[in-house]
Amino acid sequence: MVAAGSLVLVGTFESRAAADDANICARDSGEIAIAACSRAIKSGRYKGHDLARQYLNRGVERRLKQDFELALADYGEAARIDNKYADAFYNRCVIYNLRGDYDHALADCSLAIKLGPSPSATAESGGERLGKDRTISDYYSERGFAYLKKDDYVRAVLDLDNAVRLNPRNGRALKNRGLAYQAKGDTARGDADLEAAKQLGE
């Protein structure tokens with residue numbers, strides 16, 4: 001009876017440990033979060049979207065450390081596990097933009113926009129819930145940036161208009177829209193957007 005009871009206690013402890021790791025993975029940062037995410041993934045406790053979220057969270061931390069290849073692998077695994085996880089495609093779009101792979105960025109951001117964000121989407125810097133409009137604003141902003149880098153200024157402005165409409169304080173979108181306007185020869189609008197972006201810290 002003692003042995004059987006011990007097995008139950010061990011099982012309960014392992015379950016609680018996995019849950020603790022998932023919480024640390026979602027809420028902490030740096031190596032502490034990465035290690036907790038890795039333990040949660042390896043625990044075997046999580047499946048489907050819950051498992052994809054562990055990969056996504058680890059990918060975010062790896063991107064913040066500029067471990068872009070590892071982050072890209074984590075986002076890809078999150079998207080493979082849950083092919084309707086818009087945040088995974090969006091985050092992979094960000095990496096592709098950083099690498100100058102704008103065609104793949106466009107494909108991933110377009111899919112993220114089509115799918116719509118997860119209700120649990122949070123700011124990269126922590127646990128702040130973004131809300132649907134702010135999240136989709138970021139999706140449009142990132143796709144607009146890819147169009148801008150491909151010199152497709154018409155599509156860039158359309159996406160960046162949507163980004164600013166959904167979140168008027170999206171400084172990155174304002175900055176890139178300003179650059180797109182300037183590239184189109186609309187200096188007045190471009191200067192106005194760049195000044196607004198500057199006021200927001202961009």
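These legends go with several close-up views of a predicted model, from the whole fold down to one residue.

View 1. Helices (H or I, at least four residues) and strands (E, at least two) are DSSP runs, numbered from the N terminus. Of the 202 residues, 45% count as buried, where buried means under 20% relative accessible area (1.4 Å probe, protein chains only). Residues are numbered from 1 along each chain as its sequence is written. Local features need pLDDT of at least 70, side-chain atom pairs count only at pLDDT 80 or more, totals for chains, interfaces and linings use all residues, and side-chain values use heavy atoms, with hydrogens and water left out.

**View 2. Here is helix H5 among its neighbours.** Twelve of the 14 residues of H5 are buried, so the helix is largely enclosed by the rest of the structure. Its buried residues pack against helices H3 (48–64), H4 (68–81), H6 (102–115) and H7 (132–149). Among those buried residues are Phe89, Tyr90, Arg92 and Cys93.

**View 3. Asn97 sits in helix H5 (residues 86–99).** Asn97 counts as buried because its relative accessibility is 4%. Leaving aside residues up to four places away in sequence, Asn97 touches Tyr102, Ala105, Glu142, Phe145 and Ala146; a contact means heavy atoms within 4.5 Å.

**View 4. Follow the chain past H5 and you meet Gly100.** The phi of Gly100 is positive, near 80°.

Definitions and conventions
Buried < 20%, exposed > 50% of the residue type's maximum accessible area, 1.4 Å probe, protein only.
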